[in-house]
Structure formats: structure tokens, C-alpha cells
Amino acid sequence: MPDQEKYNEADPMAGAGTEEEEMQSAIENRQFDLGTMEGETLVKGERLADHPEAPSADERVVPRSLWQDAWRDLRTNPIFIVSSLLIVFLVLVAIFPSMMTSTNPLNCDLSKSQLGPTGGHPFGFDTQGCDVYARTVYGARASITVGVCATVGAALVGTVLGGVAGFFGRWPDSVISRVADIFFGIPILLGGLVFLSVIKNKSIWIVVAFIVVLGWPQLARIGRGAVITAKEQDYVTAARALGASNNRLMLRHILPNAVAPIIVVATIALGTYIALEATLSYLGVGLRPPTVSWGIDISAASDSFSVAPHMLLFPAGALSITVLAFIMLGDAVRDALDPKLR
Amino acid sequence: MGSYVLRRLLQMIPVFIGSTFLIFVMVHALGDPVNALFGDRAPDPAVAAQIRAQYNLNDPLWKQYVLYMGRLFRWDFGTTFTGQTVTSQLAAAYPTTLKLTAVAFTIEVIFGIGLGLLSGLRRGRLADSSVLILTLVVISIPVFVTGYVLQYLVGVRWGVLPATVGFDVTLRSLILPGIVLASVSLAYVARLTRTTVAENSRADFVRTAVAKGLPRHRVVVNHLLRNSLIPVVTFLGTDLGALMGGALVTERIFNIHGVGYALYQGIVRQSTNTVVGFVTVLIIIFLLANLLVDLLYAVLDPRIRYA
């Protein structure tokens, strides 16, 4: 029985961001599956539909939604627990860095330049004689702000544009897909080197805006594929036959069923955006001092890596753990939301 | 098939024009290139005017773009303000980066697919878990950190491979940068291959192949792997562009005078033609790689037919 579930349940990731031909074959497969399905699994398929408020009081078995199912899965998944605890901790550090250290990261003493770890200064000092531990703690804010804001921005723009393209088809689809292709055609680091060297005074928000501009096409493609899959479903046809408006169809019926793959890709993208910010700062086009950022510190430490490796390894370790936490969270969420893997 | 290729090529035209125009506008927003050419000195007005006229800098931006593209199709990428032709810069830088990308791509394909296959066939066992954990760690560590650590350990401390490349580009000196450049993509390829192999190993066609008595290696290579490679090939194709873009970082760590180095110099000196020329060639490579991926689909999966 568990094996059958794997094959029979509708797969929200199917056909995400693929060509029409494959989309067609994905739809055909689903119809084939529906044909061979037993009555029991039909109920399961319906569970994906959006009617959490539908069951009446006398109904004994309340069908669980995809989200309730996913939440049940996640609660017992050790990867999810570890990564979300880590993320909560990192977010707290980013908001209240003074909780972790009383040293000012900008208060430096050149006489302690490149000194190794000592008592009271567990991570040692960097070339300017600043406390590496304090800088690592304060660096969390820039990285996490950029990661979270860029992901939210890219997900919003990507969902709206991808959704419009997938739902309306025809010319809106052609226009949005071609525009997405244009931004997709620019390799992201290359674009960063060119675009960001134009702007001289860089705040965090410029870097966020840049990542959103080059990051949304990826999410729009996923969203478009998911919406195309969802709008072919019977419950959408049924709602349309009952006279639901386009807005209602999109917001109440299609969005809840198409948003799962977007959330998965966005969570994983969050980790990669944090790494991207550090890479841009390393290339000298991202954040600038006096902003405290892991990327800036790693870049500054790279020149004397063989002399004082601690200057590079501690911020790099913090950066890697943060990226790892978000990627693990994304993995866990995908496993929970993708019924094919269950 | 022929009409499909034609349609795709036609679709590429607006994308190509859009991406290059975007880059063109941004590069011109860098500032006045003539002022940059003279550095801190004030340029002689007559000389400045002559340079402006020579490089069409007085025309509106769209006209400059059209003129530039017109020359481009005659394989004339223009000259830098120092009189060097961009074509010669391209010829000096691209082979180096292509060699680096080729080394990285080979490492990525062999080890990525190999590890993914190994782990997908042994789902849930020790080999599988170690591949999963290892790839997750590799994905999380930024490339420039991996680069400096490996350069120090392998190149400086143990002295196994050359630590930097410099002007004398040999295959041996490119192995270490190749590994660093390939590392993140390799991890993605391994994970993707693992997922599809694990999914397909339960498929009916694999069971049929086993049932009709095919030797195991034929089942794995001809039936399982060929069907599992379709999403992997998509990833590899789009990754080609990312590899060449990612080479910016790797080239900087290992002192390789390739595209990244030339682009960086171009941006610092505000040499419009250099930057636009290099980026245009990169975008062409990127678009062609994507087209190639779509055509490879049909080869790998006979169910897909392009009308």
C-alpha cells in the first residue's frame, strides 16, 4: 500500500519549469494513474484539493490537507528539528547580537593584529586587530537580512509573474517567459560584477534588489509549471463551471495547490542567496565596510590565509553553517511536501 | 526536428538582444569612459572630443547599441581605448577559461554521476548516507573558502599540485582549480542522479529488464542510467553557463588570466567594448548550451519527439 501511494498521488513538483511536451506527458501520466487508481486513492487525491472548511460537523473522518500532512511529517523529522532550531538561534543572533558578545566589532586595536585565539577572545584577532568573534556574531545580521529579504522579494515577484503566465497562457505567457529568459541568460556572478560596480554607495538593499532582479525567473518558472499543472485539475474546472471569477480561481483554488514547489525552491534558494551575498562581497562588488559581513571578512582574511588561518576559518564556518541550515530546512520541507517521496 | 531547431533559434533572438542590451546599458552607466581613460588628469577637450567621435559616444544609447551589434556580426568587437582589439583579448582569455571549464566539467560529470549512481543504487545504506552528507557539506561551503583551503593544503603545505596557474597554463596546474570550480555543481549532480536513479530503480521497465535475464551492468547502464540521465543533462547544460560565470572566483584565487581576469580589468578601466564583448560571447555560449540540452532530450528519451 505505501508503494502505491508513491505512484498514485498527484505530484506537485511534476512538470515544474519544463517544456510543453513534457508537461503534456506529465498530464497524460496522471490521467493514466487516475484510471488505474482504486476508490480509496481517489479520496486521497481529493485531499490535495482546497476545502479545509468543507467537512460538516457530522463527518467523522476529517480529511487532512497537504499542509497538515506535511506538518505531521516535519514534526518528527530530526533534520527539520535541528535545522529550524539552528535557524531560530541564528535569527536571534542577527536581531540581538549584543546578547552573544559585549565587544564592539568596530573597536579595533592594531597592536593585536592577526593574534591567534586567547582568553576572552576565542576566535583571535584580524589584520586590523578587531575581535573575530564579535565580527562573526555581528556579521550574521547582514547575511540573514540579505538572504531573507531577497528570497521573499524573488518569491513574490516570481509567484505573481509565473502565476499570471501559467494561468492566462497566450501572450502574457510569451512576454513573461521571454523576459524571464533574458534575465536567465545573464550568469548571476557576471551580472553582479557588471551591475553592482555601477553603484558606488552600496547599502544592503541594493544587494537585495540585485538578487531579486536576477533571482525571480527561477521561481517564476517553477510557479508557472505548477500553475499549469494545477489549472488542469478537475476541481478548477468544477469551480469555473460554478461561475467562480478568475481572481477567485487563482487565489482560492490554484494558489494553495501550486505554492508547495515554490516554497521548497525558495527555501533552498535562501541558503544559496546568503552564499551569493558573501561571494559578491568577496569579489568586491557586494557590501562595503563599515557594514560587518562574513563575505567582507573572508575576503580581507584571504590574503594572509597561510599566516593566520583563524581569520578566515571562523567567519567561513559561520557562513557555511548558516547556508547548511537553510538548505537542510529546504530538503526537509521538500520531503514533506512532495508526496512522491513519501 | 529541423523546424523545431529553427523555432528555438528564432526564440533566442529576442532573448539575446534583451540580455546584451541590458548589459550594454549597465556598462554605460559605469560613468564617462573618456574621463576614466585619463584618470585623475583633466583630458584635453580636443582629444576628448575626438575620442568621443571615434567611438560614437555622442550618439544616443540605442544608436550606439545598434552600431555595435552591426559591427559584431562582422566579427568586429571594436577596440579598447588603448587601441588593443577586443578580438585579440578574447583570443587570449577565452581558451584559458574554456580549458578550466572543460577540466571542471569532466570532473563534474564523471564523479557527479558516478557518486549519484552509487548512492542511488544503495539507497539507505552507508555509502548513500555518506554521499548525502558529503554533498550537503560541499554545497554549504562557499567556493572561495574551499578554494583557499585546498590551495593552502594541497598546493602549499603538501605541494602535490601547483598552487597557482599564472601565464603557463598546463593541464596539471588546472586540476586543483578544476576541482574547486566543479565542487558545488558536482554535489548537485550527485544528488540529482541519486534521486532519479532511486526513483527509476522501482520502475516497471527495470523490473522487466531484470526479469528477462539481462546482466546487471546492462540493466544499470542501458535501462536505468539512460532514463535517469534526462534531468541530469538539463542541469549539466544550464550549469555550463554557471561554471563559466563561477570561473570568475576560481580564476581570482588561482591567478588564472582568463575571462574573469579580463572582465575585471575591463570594469576597472571602464572599457565598454571589452566588457560588452566578453559578456556577449558568454551569453551566446549559454544560450547554445540550453538549445543543445533540449535537442539531447530527444536522443536520450525516444518518447519525446519534436515536430
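Author: A definition comes first: rings of Phe, Tyr and Trp, the last taken by its six-membered ring, pair if their centres lie within 6.5 Å, and planes over 60 degrees apart count as edge-to-face. The model to which this is applied is a predicted one. Y282(A), F144(B) and Y148(B) form one aromatic cluster. Within it, Y282(A) and Y148(B) make an edge-to-face pair, with 6.2 Å from centre to centre and 75° between the planes. This pair crosses between chains: Y282(A) belongs to helix 11 of chain A, and Y148(B) to helix 7 of chain B, residues 143-157. Both Y282(A) and Y148(B) are buried.

The cluster can now be placed in the interface as a whole. On the side of chain A, 42 residues are in contact with 48 residues of chain B. Together the two chains bury about 4100 Å², and 74% of that area is on carbon and sulfur atoms.

Four residue pairs are in polar contact between chain A and chain B, both residues being at pLDDT 80 or more. Several helices of chain A each supply at least two residues of the side that touches chain B, among them helix 7 (170-184), helix 8 (188-198), helix 11 (246-282) and helix 13 (310-337). Helix 13 of chain A gives the largest share of that side, ten residues. By residue class, the side of chain A that touches chain B divides into 26 nonpolar, seven polar and nine charged residues.

Between chain A and chain B the count is one salt bridge. Side chains of opposite charge can pair when their charged atoms come close. Here the partners are R191(B) and D331(A), whose side chains meet at 2.5 Å, N to O. Because R191(B) lies in helix 8 of chain B (residues 171-200) and D331(A) in helix 13 of chain A, the pair joins two chains. Buried means under 20% relative accessible area. R191(B), at 16% relative accessibility, therefore counts as buried, and D331(A), at 14%, does so as well.

Salt bridges that share partners also join R178(A), D181(A) and R221(A) into one network. In the bridge of R178(A) with D181(A), the closest N and O atoms are 3.2 Å apart. These two residues both lie in helix 7 of chain A, three residues apart, about one turn of the helix. R178(A) is partly exposed, with a relative accessible area of 25%, whereas D181(A) is buried at 18%.

A pair within chain A may be set beside the bridge that joins the chains. Over all chains, the structure holds seven salt bridges. One of them brings together the side chains of R135(A) and D297(A), at 3.0 Å from N to O. R135(A) is in helix 6 (residues 132-168) and D297(A) in helix 12 (residues 294-301) of chain A, so this pair ties together parts that are 162 residues apart in sequence. R135(A) is buried, with a relative accessible area of 10%, and D297(A) is buried at 11%.

Methods:
Residues are numbered from 1 along each chain as its sequence is written. Chains are lettered from A and ligands numbered from 1 in the order in which they are written. This is a predicted model: local features need pLDDT of at least 70, side-chain atom pairs count only at pLDDT 80 or more; totals for chains, interfaces and linings use all residues. Side-chain values use heavy atoms; hydrogens and water are left out. Contact means heavy atoms within 4.5 Å. Buried area is the accessible area (1.4 Å probe) that two parts lose on being put together, summed over both. A salt bridge is a side-chain nitrogen of Lys or Arg within 4 Å of a carboxyl oxygen of Asp or Glu. A polar contact is a pair of N or O atoms within 3.5 Å; within protein, one must be able to donate a hydrogen and the other to accept it, and residues adjacent in sequence count only if both atoms are side-chain atoms. Helices (H or I, at least four residues) and strands (E, at least two) are DSSP runs, numbered from the N terminus. Ala, Val, Leu, Ile, Met, Phe, Trp, Tyr, Cys and Pro count as nonpolar, Asp, Glu, Lys and Arg as charged, and the others, Gly among them, as polar. Rings of Phe, Tyr and Trp (its six-membered ring) pair if their centres lie within 6.5 Å; planes under 30 degrees apart count as stacked, over 60 as edge-to-face and the rest as tilted. Buried means under 20% relative accessible area, exposed over 50%, partly exposed in between (1.4 Å probe, protein chains only).
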